[in-house]
Amino acid sequence: MPKMTPFYQDVQSHYDLSDEFFALFLDPSRTYSCAYFSRPDLTLEQAQLAKIDLALNKCDLRPGMTLLDIGCGWGATMRRAVEKYDVNVIGLTLSRNQYEHVRAQFSTGPPTGRTAQVRLQGWEDFTEPVDRIVSIGAFEHFRRQRYDAFFTRARQLLPDDGRMLLHTIVGHSRPLLAAMGVEVTRDDAVFLRFILREIFPGGQLPEREAIIPLAQRNAFWVQNIESLQPHYARTLDMWAQALASRHQDAVRLASEQIYRNYHRYLTGCADNFRRRLIDVLQFTLLTQGTPQLPTAGSG
């Protein structure tokens, strides 16, 4: 596999804006992905924990295993994995702010005696064997030309009875949207350009129909696919409301323009989920076959 450099600059341009800015609208765990309202009365923090448990339960974790969290964010999934599931965990992030935050949280070691490491590193450079992989909200940053390499690398890291939980936003092809009766307008194209220019440079949404054959080609069996579409619309609504309530703080920490950009992004994405223009899926993938780990330095 040719050497691939992780997309540090694109990721840091978004996630390293300001930890304090993100704290204005995220829940206290700073979980920056779709929550799961397993009950309608859950708070955002409770619903984020429910989403993390939904994902980790699908990983079939057992005490003493090693879990790799690709795109670990501010560490909420890592913390839950160590504390509730009694596993060792390695978190990867391309964000320097997130890396420093998680490293400080685990500076004294987890209270359970398990190990928790965070690395400023992409999956492209990770070659250590692990028992399970979870990736929540990171696949959208990998770009289509690397999807196949990602599944190849993930399969190489896992044992024959391994599992990966891949949680990602997905887009739909024009023919599928037409078949679903979803109208695509010029405003949708304008909003997409805004997102790629101002919010997530380099980002790309995969299509559900592309992920399945890629996983299968790399010796994964797709055991389950679960949509959380309405849950993300509600999550984004709550983020947008929280940000609006802290308008002046947002301007102080960033600028009026950044506040307006983020409010537009959060409300616009919520609308896209409600219209079914996009979806968010959890893929539960089980390993098949016996591939070999790459040799050191093979990238």
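Visitor: How many aromatic pairs does the structure hold?
Guide: The structure holds 25 aromatic pairs; rings of Phe, Tyr and Trp (its six-membered ring) pair if their centres lie within 6.5 Å. This is a predicted model, in which local features need pLDDT of at least 70 and side-chain atom pairs count only at pLDDT 80 or more, while totals for chains, interfaces and linings use all residues. Residues are numbered from 1 along each chain as its sequence is written, and side-chain values use heavy atoms, with hydrogens and water left out.

Visitor: Why is the pair of F22 and Y262 called edge-to-face?
Guide: Planes under 30 degrees apart count as stacked, over 60 as edge-to-face and the rest as tilted. The ring centres of F22 and Y262 are 6.1 Å apart and the planes stand at 75°, so the pair is edge-to-face.

Visitor: What makes F22 and Y262 a tie between parts of the sequence?
Guide: F22 lies in helix α2 (residues 19–23) and Y262 in helix α12, so the pair ties together parts 240 residues apart in sequence. Helices are DSSP runs (H or I, at least four residues).

Visitor: Are F22 and Y262 buried or exposed?
Guide: F22 and Y262 are both buried (under 20% relative accessible area, with exposed over 50% and partly exposed in between, 1.4 Å probe, protein chains only).

Visitor: Why are α10 and α12 called roughly antiparallel?
Guide: The axes of α10 (residues 229–245) and α12 (residues 256–274) come within 8 Å and cross at roughly 155°. Angles under 35 degrees count as roughly parallel, over 145 as roughly antiparallel, 65 to 115 as roughly perpendicular and the rest as oblique. The two helices, α10 and α12, are therefore roughly antiparallel to each other.

Notes. Axes fitted to C-alpha atoms, helices over the stretch in contact; angles between N-to-C directions.
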